[in-house]
Amino acid sequence: MEFNVSTFVLEIINFLILIWILQRLFYKPLLAVIAKRKDFINQALADAENLKLQAETLRHDYENRLKSWEQEKQSAMQALQAQLSIEKTTQMQRFQDELEQARQSAKAAQALQQHQWEQQLERQALQNATRFAALLLKPTVTPELEAHLCQLLLEQWSSLPEACHTSFKNMKPKEALPIKISSAFPLTENLQKSLQNQLEALVAHPIKLSFSIEPDLIAGLRIDLGAWVLNANLQHELVGFAELVDASQSQ
Amino acid sequence: MVIDVTGIVIDSAILTTWGIMAVLSIFAWLTTRRLELFPGAIQTCVEGIIAAIDEAILAVAPDHGRQILPFIASLWIFLIIANLVSLIPGLHSPTREISVTSALAVLVFLSVHWFGIKTHGLKKYLHHYLTPSPILLPFHLISEFTRTLALAIRLFGNIMSLEMAAMLILLVAGFLAPIPILMLHIIEALVQAYIFGMLALIYLAGAMQSQQLNAQE
């Protein structure tokens, strides 16, 4: 408890030595490594800051690039929309033209078909009319009517076309010319004789007549003379009327 | 135990101090021989101690922290171990001797003037005793003496009384009774070491930085 000078002096010396030892072995190395670590951390922070700045720059560049890309995309989209609109209009116009053309074609085809149907119906109507007229006439005709028609034929014999006469005269058969005479009723002998005389005068060659009965003729004659057929009967007249009406309507 | 070598008395306080110095030297050598940038557990621990001391010093003396760190850090480390060494049976704290605490207080006293003169020069340093008025010079001188004496007496009185109280309770109440007192001893030892080192730091910082403040004014 008393104050001891030796202890006092030695303690001062001891503490100074302790400071020196700790400074050499403890503080200096530890502070050095702490400073080194701080430098390392600062360097890492600086590097990180640089990287951050670079990243910011890159981000800025990328954002600008994205903006420009967006603008380009918008422009391209607008151009595409305009082109699509033009193309759509063109296609629609073309489709409408084609549709109109097809409609016109269909209309024409339909009209043609309608016309053909009408013609066919008319033709059928004429045939029916001919048939009805024949059916109507059949009960009314008589051999006298047929004789009258034969008489009419003989009277108009000379009014045959000149070409017909010439053709008949130019015939030069080796033997007698066969002529077939068809009638609805049997012909009288006088009428047959008259026909033979007229035909011999017309042909100027020997002829060979053959007679036959065809009720379809209704009334009158049909003379088959080589390539020629002379009709003087109601059936032929009715057919001729129908063909004449048909031809006039077709025109 | 007292050894007298040609008039130089080596008592238990000196021997304990040497032991503490040896332990600290070995500890310092062992912990700092392989320092790495990425520290392990022990290195982290000792770096934490130094970093804490450094921060405390820089908080008080930001401009001269590194200059006074060895002295203040050594004071704190030595006093903590010296105050706690009496917890080991058979050993006594060196700081229960007035000679030891006086030596440390005198070292603080000398360090204050040493660092003050080193920082500002002798003339400027001595001039601060005349500020703000020369009339205050005696008070400055008395303050220098009394605060040094207070440093020594405070540490000596606290540590010596702690040990004596523990001893008396051990004698009176038995073997396990002084344990609360020993726990109080730990707290008191740490507090006294902190107070001694912090006062020394404040004195040093005052000597080194008051001149700068005056110069700035």
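Which residues of α2(B) are buried? In this predicted model, the buried set consists of Gln43(B), Val46(B), Glu47(B), Ile50(B), Ile53(B), Asp54(B) and Ile57(B). Viewed down the axis of α2(B), these buried residues fall within an arc of 125 degrees, so they line one face of the helix. An α-helix has 3.6 residues a turn, so residues three or four places apart point the same way. On the other side of α2(B), the residues Ala41(B), Glu55(B) and Ala59(B) are exposed. The length of α2(B) agrees with expectation, because its 20 residues should span 28 Å at 1.5 Å a residue and its end C-alpha atoms are 29 Å apart.

Helix α2 of chain B (residues 41-60) meets helix α1 of chain A (residues 5-137), their axes coming within 10 Å and crossing at roughly 95 degrees. Since angles of 65 to 115 degrees count as roughly perpendicular, α1(A) is roughly perpendicular to α2(B). On the α1(A) side, the contact is made by Phe26(A), Tyr27(A), Leu30(A), Leu31(A), Val33(A), Ile34(A) and Arg37(A). From α2(B), Gln43(B), Val46(B), Glu47(B) and Ile50(B) take part, and these four residues are among those buried in α2(B). By class, the contact comprises eight nonpolar, one polar and two charged residues.

Elsewhere in chain A, Ile218(A) lies in the loop between β2 (207-213) and β3 (220-225). Ile218(A) has a positive phi of about 70 degrees, although it is not a glycine. Most residues other than glycine have a negative phi. Ile218(A) counts as buried because its relative accessibility is 2%, where the cut-off for buried is under 20%.

How values were computed:
Residues are numbered from 1 along each chain as its sequence is written. Chains are lettered from A and ligands numbered from 1 in the order in which they are written. This is a predicted model: local features need pLDDT of at least 70, side-chain atom pairs count only at pLDDT 80 or more; totals for chains, interfaces and linings use all residues. Side-chain values use heavy atoms; hydrogens and water are left out. Axes are lines fitted to C-alpha atoms, for helices over the stretch in contact, and angles run from 0 to 180 degrees between N-to-C directions. Helices (H or I, at least four residues) and strands (E, at least two) are DSSP runs, numbered from the N terminus. Angles under 35 degrees count as roughly parallel, over 145 as roughly antiparallel, 65 to 115 as roughly perpendicular and the rest as oblique. Contact means heavy atoms within 4.5 Å. Ala, Val, Leu, Ile, Met, Phe, Trp, Tyr, Cys and Pro count as nonpolar, Asp, Glu, Lys and Arg as charged, and the others, Gly among them, as polar. The expected span of a helix is 1.5 Å times one less than its number of residues. Buried means under 20% relative accessible area, exposed over 50%, partly exposed in between (1.4 Å probe, protein chains only). The arc is that of the directions from the helix axis to the C-beta atoms.
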